[in-house]
Amino acid sequence: MGCCYSKDPFYNQEMRRRNKEIESLLHKQKIKLEKETKILLLGAGSTGKSTFFRQVQLLQNGNFNQETVIEFRQIISRNCISLMKKLCSLANNLNIEIKNKFDMKKLDKIPNNKDFISQEDSEIIKNLWNDSGIQKIYPYAKLQLESFESAVYFFQNIDRISNEYYSPTNEDIIHARYQTRSIQEEEFTIKGYHFRLVDVGGQRSQRRKWIHCFEGTTSVIFFVSLTNCFQQKSKEQKISKLQESLDIFQYLVSCPWFERTTVVIFFNKLDLFKELLSDPNNELNIPSYQGSRDFTEVTEYIVSLFLNINSSSDYPSRDIYHFLTCAIDSDKISSVFLITLHSLFERSLEDLDF
Ligand SMILES: Nc1nc2c(ncn2[C@@H]2O[C@H](COP(=O)(O)OP(=O)(O)OP(=O)(O)O)[C@@H](O)[C@H]2O)c(=O)[nH]1
Ligand SMILES: [Mg+2]
């Protein structure tokens, strides 16, 4: 203690007054932050925003509530049916023959909005999953079917899912695909940090709703799917998926609403990216990239594309962080999110001008 205080009583009094003032300011700012921290999840469709939102729900509560579990039983059943139908139609587009015509016809007759998978449905899906034609399209499906990983996961678990007493596990719910069409908002308190998380739909038709959530945003977590680095543009698309992400990012960082907003970029689907990169048949499709297939070189280049957009925007001095993430991995994504929260809150406190 002694070494901190001077022998001058006026100096000590002044120090104590200043300390009290700082503590009170910090306290006020903390309350303000806790009330107002709004984290907005943005990014193109199928980049992992809602998967992350569910992971945060899980991080706070340890489990999903009964209402969510019931809702996801229906979503997962529909996922199984629609994903197998998509695989069959992809085989058809690629002129790859599915041998099992019998089960294909039966699959066609199952309504897309069926709320449960019967034993009979399960047999149809299993038979098709093992069809040599469907197996041949795996490498294409990995690239072209946005939820291929979810399909693999669900088809491997189809016996459990088709049980009449099936109740989705946390892992099942994390793997489910449900395209967001409304704005989902929830308040959380994690490790003492209180914040509001807002999830929106990223498909083109959903993006015009975004502007309604911009006001009062303290931080944006922007999602990029690393798998987009391999996807070629289809006939109906004018630009590649990665370019689409870059364009959306460009719009956001130039948006006056976000002049003082901290931006965190999650380069997501790292697991799939690594798998695709390891197969030399998967061509990289990254604007102006001339480098090798070395993991670090490729990822650093992708990161630089986004950081450069921010640096040349009208607001280059905003705080910006980035992480390589895998939103289906609960442990890893929780650690990344805790680091993110720490950076967001502590940084805001540092901004206080004493
Ligand atoms: N393998 C893998 N799959 C992921 C990862 N993140 C998300 N997914 C899957 O990708 C699909 C799309 O994820 P969503 O979270 O629904 O994507 P979104 O950004 O909310 O999509 P929209 O609501 O359409 O904007 C789902 O099937 C997820 O299970 C990841 O890191 N790795
Ligand atoms: Mg979503």
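Trainee: Why is Asn268 called buried?

Mentor: Asn268 has 26 other C-beta atoms within 10 Å. A residue is buried if 20 or more other C-beta atoms lie within 10 Å of its own, exposed if 12 or fewer, and partly exposed in between, with C-beta atoms placed from the backbone. So Asn268 is buried.

Trainee: What should I know about the model and its numbering?

Mentor: This is a predicted model: local features need pLDDT of at least 70, side-chain atom pairs count only at pLDDT 80 or more, and totals for chains, interfaces and linings use all residues. Residues are numbered from 1 along each chain as its sequence is written, while chains are lettered from A and ligands numbered from 1 in the order in which they are written.

Trainee: Where does Asn268 lie, and what does Asn268 touch?

Mentor: Asn268 lies in strand 5 (residues 262-268). Helices (H or I, at least four residues) and strands (E, at least two) are DSSP runs, numbered from the N terminus. Leaving out residues up to four places away in sequence, Asn268 touches Thr47, Gly48, Phe223, Val224, Ser225, Leu226, Thr325 and Ala327. Contact requires C-beta atoms, placed from the backbone, within 7 Å.

Trainee: What makes Ala327 count as buried?

Mentor: Ala327 has 26 C-beta neighbours inside 10 Å, so Ala327 counts as buried. Ala327 is found in the loop between strand 6 (320-324) and helix 14 (330-350).

Trainee: Which residues does UniProt list for "binding site"?

Mentor: The unreviewed UniProt entry lists Asp199, Val200, Gly201, Gly202, Gln203, Asn268, Lys269, Leu270, Asp271 and Ala327. They are spread over 129 residues of sequence, and in space up to 23.7 Å between C-alpha atoms. UniProt positions use the numbering used here, feature names are shortened, and annotations may be inferred rather than shown by experiment.

Trainee: Why is strand 4 called largely enclosed?

Mentor: Seven of the seven residues of strand 4 (residues 219-225) are buried, so strand 4 is largely enclosed by the rest of the structure. Ser219, Ile221, Phe223 and Ser225 point one way, and Val220, Phe222 and Val224 the other way. In a regular strand the side chains alternate between the two faces of the sheet.

Trainee: How do you know that strand 4 pairs with strand 5?

Mentor: Strands pair if DSSP finds at least two bridges between them. Seven bridges join strand 4 to strand 5, and they run parallel. Ile221 stands opposite Val264 in strand 5. Five bridges join strand 1 (residues 38-43) to strand 4, also parallel.

Trainee: Which residues come nearest to ligand 1?

Mentor: Of the 26 residues around ligand 1, Gly48, Ser50, Thr51, Thr180 and Gly202 come nearest. A residue is near a molecule or strand if its C-beta atom, placed from the backbone, lies within 6 Å of it. By class, the shell has five nonpolar, 16 polar and five charged residues. Ala, Val, Leu, Ile, Met, Phe, Trp, Tyr, Cys and Pro count as nonpolar, Asp, Glu, Lys and Arg as charged, and the others, Gly among them, as polar.

Trainee: Which domains supply the shell around ligand 1?

Mentor: The shell draws at least three residues from each of domain 1 (38-63 + 180-343) and domain 2 (66-175). Domain bounds come from an automatic or database domain assignment. The C-alpha centres of domain 1 and domain 2 lie 27 Å apart.

Definitions and conventions
Contact = placed C-beta atoms within 7 Å.
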